[in-house]
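Have a look at the sequence and the structure first.

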Amino acid sequence: MADYNVKTVKGRFAPSPSGRMHLGNLFSAMASWASTRSRGGRWLLRIEDLDPQRSKPQWSRWIEDDLAWLGLDWDEGGTQGSGDAGPYMQSRRGEVYEECLSRLVEAGYCYPCSCRRADLLATQAPHQSDGRVIYGGRCRPPQMPCRCEPRRGEALRLWVRPGEEIEFRDRVYGRQRVDVARDCGDFIVRRGDGAWSYQLAVVADDALMGVTEVVRGHDLLLSAAQQIYVGRLLGFEEPAYAHVPLICNAQGVRLSKRDGALGMEELRRRYTPFELLGYLAWLGGQIPVAERLTPSDLASIWDWSKMPQTPTIEIK
């Protein structure tokens with residue numbers, strides 16, 4: 001399992017530019033930034049714009065402006081791509097993904113699939129609340145390795161060996177053990193229209209950008225096992241994981257851009273940067289009451305053992 005005491009720490013925030021960030025996005029960014037800075041590490045910003053239909057350039061610029069307003073600075077990445085591990089926008093990293101996919105195909109781990117629903121969702125981070133469906137194996141060949149060439153319009157799906165267990169330790173939720181075939185099933189690595197899947201792209205990016213710690217929402221906890229599985233097939237070193245509790249509305253529903261959750265435009269009207277950062281730190285259990293907090297103050301007090309495991313209700 002990943003070593004949480006590595007000397008060189010590199011964290012990352014990897015938002016999708018499909019809308020203005022909301023409180024839940026900021027909560028993950030805050031936790032990742034504070035965890036990285038508390039250990040003197042480097043923090044990168046990667047724009048996950050795999051899906052051209054949902055991603056817009058103006059959202060990328062607003063993400064950067066909102067992070068800068070809050071005081072969460074990054075050492076590399078963003079739309080300007082400063083740093084030596086770029087490009088830092090997934091839409092510009094096709095050659096990287098092509099090389100990784102070729103290795104999987106040549107090893108016989110992939111097979112063509114003509115099923116459509118999961119194909120359409122493959123570029124998106126697979127939140128468990130989105131109704132994750134485990135693939136039934138309709139297109140799986142009778143034996144592996146597979147040497148079948150995909151026809152026009154067919155996706156490529158990764159074969160998951162039966163009984164393959166992935167074990168890892170999450171900073172917030174502790175030891176995890178996942179039977180990938182049973183709990184996740186074979187999953188798409190490239191869509192039928194040629195778009196790259198989230199599960200392949202994020203593994204390649206984290207490994208080749210030197211990310212040592214992935215911090216994100218609890219609804220992506222199961223995805224960690226899939227990504228570790230892909231990374232091991234490619235010979236990559238796995239990062240440490242920390243999945244933070246979700247920020248929910250008063251009805252207990254996960255905040256989402258699609259549902260018009262409390263966004264940065266409204267948050268910037270209600271709060272100063274230090275007030276909002278203090279509020280986020282309070283939601284994360286770092287301080288007993290919500291009060292003004294500077295970024296440096298947050299980094300100096302950050303303690304993962306204080307992070308709650310239960311969903312946090314957004315206070316309107």
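Q: What makes Gly217 count as buried or exposed?
A: This is a predicted model, and in it Gly217 has a relative accessible area of 11%. Buried means under 20%, so Gly217 is called buried.

Q: Where is Gly217, and which residues does Gly217 touch?
A: Gly217 sits in strand E9, residues 213-217. Leaving out residues up to four places away in sequence, Gly217 touches Ser28, His243, Val244 and Leu246. A contact needs heavy atoms within 4.5 Å.

Q: What share of the contacts joins residues at least 24 apart?
A: Take the contacts between residues at least 6 apart in sequence: 77% of them join residues at least 24 apart.

Q: Are Cys113 and Cys115 buried or exposed?
A: The cut-off for buried is under 20%. Cys113 has a relative accessible area of 0%, so Cys113 is buried. Cys115 has 17%, so Cys115 is buried too.

Q: How do you know what span to expect for H3?
A: The expected span is 1.5 Å times one less than the number of residues. H3 has 13 residues, and its expected span is 18 Å. From first C-alpha to last, H3 reaches 18 Å, close to that expectation.

Q: Why do we say that the buried residues of H3 line one face?
A: The buried residues of H3 include Tyr97, Cys100, Leu101 and Leu104. Looking down the axis, the buried residues fall within an arc of 100 degrees, so they line one face of the helix. An α-helix has 3.6 residues a turn, so residues three or four places apart point the same way. On the other side of H3, Glu95 and Glu106 are exposed.

Q: What do the buried residues of H3 pack against, and what follows H3?
A: They pack against strands E4, E5 and E8 and helices H6 and H7. Next comes Gly108, whose phi is positive, near 80 degrees.

Q: What makes the largest nonpolar core, and which residues have the most contacts inside it?
A: The largest nonpolar core has 41 residues, and Leu158, Phe168 and Leu200 have the most contacts inside it. H3, E5, E6, E8, H6 and H7 each supply at least two residues of this core. H7 gives the largest share, nine residues. A second, separate core has 40 residues, including Met21, Ala34, Ile47 and Tyr279.

Q: Which residues of H9 are buried, and what do they pack against?
A: In H9, residues 273-283, the buried residues include Leu276, Leu277, Tyr279 and Leu280. The buried residues of H9 pack against helices H1, H2, H8 and H10 and strands E11 and E12. H9 is followed by Gly285, whose phi is positive, near 75 degrees.

Q: How do you know whether Ile166 is buried or exposed?
A: Ile166, which lies in strand E6, has a relative accessible area of 0%. Buried means under 20%, so Ile166 is buried. Among the residues Ile166 touches are Arg177, Ala225 and Tyr229. The C-alpha atoms of Ile166 and Arg177 are separated by 5.7 Å, though the two are 11 residues apart along the chain.

Q: Which peptide bonds are called cis here, and what are their omega values?
A: One joins Gly86 and Pro87, with omega about 0 degrees. Another runs from Met144 to Pro145, with omega near 5 degrees. Pro87 is in the loop between E3 and H3, and Pro145 is in the loop between H4 and E5.

Definitions and conventions: Residues numbered from 1 in each chain as written. Predicted model: local features only at pLDDT ≥ 70, side-chain atom pairs only at ≥ 80, totals over all residues. Heavy atoms only, no water. Helix = DSSP H or I, 4+ residues; strand = E, 2+ residues; numbered from the N terminus. Buried < 20%, exposed > 50% of the residue type's maximum accessible area, 1.4 Å probe, protein only. Arc of directions from axis to C-beta. Core = buried A, V, L, I, M, F, W, Y, C linked by side-chain atoms within 4.5 Å.
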